[in-house]
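Subject: Structure for you to look at

Hello,

I am passing on the structure we spoke about. Please look through it first; my notes follow below.

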Amino acid sequence: MADEREHEHDHDHEHGHDHEHGPRAFQPDLEDTVPHSDYQYLEAAVRELLIEKGLLTADEVRAAIEAMDARGPHLGAKVVARAWADPAYRQRLLADGSAACRELGVDMGPTHLVVVENTPAVHNMLVCTLCSCYPRFLLGIPPLWYKSREYRSRTVREPRAVLAEFGTVLPEGVEVRVHDSTADMRYLVLPMRPPGSEGLDEAALADLVTRDSMIGVSLPQSPKQAAAE
Amino acid sequence: MARFAPGEAVHVQDRHPAGHLRTPAYCRGKRGVVERICGSFGQPESYGFGGDGKPFQPLYRVRFEQARIWPDYDGPATDTVEIEIFEHWLDPAG
């Protein structure tokens, strides 16, 4: 079964760029300088075998990568905006996250989604201490910091210090609830609807929803902030 | 059939076997409360080595008070962390 569990085969390496660098303008392709790992050889060997044996086509592999890259926070934002606009949908989303996302046409693959709701009393935040589990079907590829050892170790140990470094300071008396995505569930934070957003339609509400607010390290934008962008 | 119900106090077993686990070391030996039952899932100890995960185990979300996890936790006593833990790692806390 293709799932998201700790299968982090991102290709996050930086690609060479070709602008001028003064007297030494030559920029080697990173592919020439970075050795390929055993896992890269293994991946290529298995992929080529699958294609050779007719179990997959090269175009199917390409299309799967394209679909993966097309996922992004706009999908999560659509779900959050609907939950803000429609109380019955919000209930369904909290009861069964994956089913409620599929209602909006989001491909959730095999994801078991748990949506955790921020309230005036509780602020939720996501981490995966053991690897980098992330709600990829809703948010796309995780940011590099989410996969960093520092974020993963400190978020469970000192979440308020991590939040402060992201510029997020919560009012006194708010419980910080960290969700360590250790096994088969994936999580999405449902942020609180920002003040001043009354009367906005779903598309305008979705514009307020940032990736980081759905991870819980930040809050959604106010309508004023969104308008200034 | 899940052995524990939401609201029930549980203890995470304090064992340290080699191999592939999904029970973070920082919660082993700690006491928490079942927040929900997530369903039944294959055992990572088996999946990690090409096994079929059987017998499937109930998976729980367990809520811990941060102060019980980190005795020197720097934050309000109400702060919590929730972790997914398989039934074969849990004992009743009484």
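In this predicted model, strand E3 of chain A (residues 175-180) pairs with E4(B) in the parallel sense, over four bridges. Strands here are DSSP runs of at least two residues, numbered from the N terminus, and two strands pair if DSSP finds at least two bridges between them. Val178(A) has Val81(B) in E4(B) as its bridge partner.

As for conventions, residues are numbered from 1 along each chain as its sequence is written, and chains are lettered from A in the order in which they are written. Local features need pLDDT of at least 70, side-chain atom pairs count only at pLDDT 80 or more, totals for chains, interfaces and linings use all residues, and side-chain values use heavy atoms, with hydrogens and water left out.

On the interface: 27 residues of chain B are in contact (heavy atoms within 4.5 Å) with 26 residues of chain A. The two chains bury about 2200 Å² between them, 47% of it on carbon and sulfur atoms; this is the accessible area (1.4 Å probe) lost on being put together, summed over both. Of the area that chain B buries against chain A, 28% comes from Arg22(B), Phe41(B) and Glu84(B), more than from any other three residues.

The rule finds three salt bridges across the interface, each a side-chain nitrogen of Lys or Arg within 4 Å of a carboxyl oxygen of Asp or Glu. One of them joins Asp72(B) to Arg157(A), with the closest N and O atoms 2.7 Å apart.

Regards
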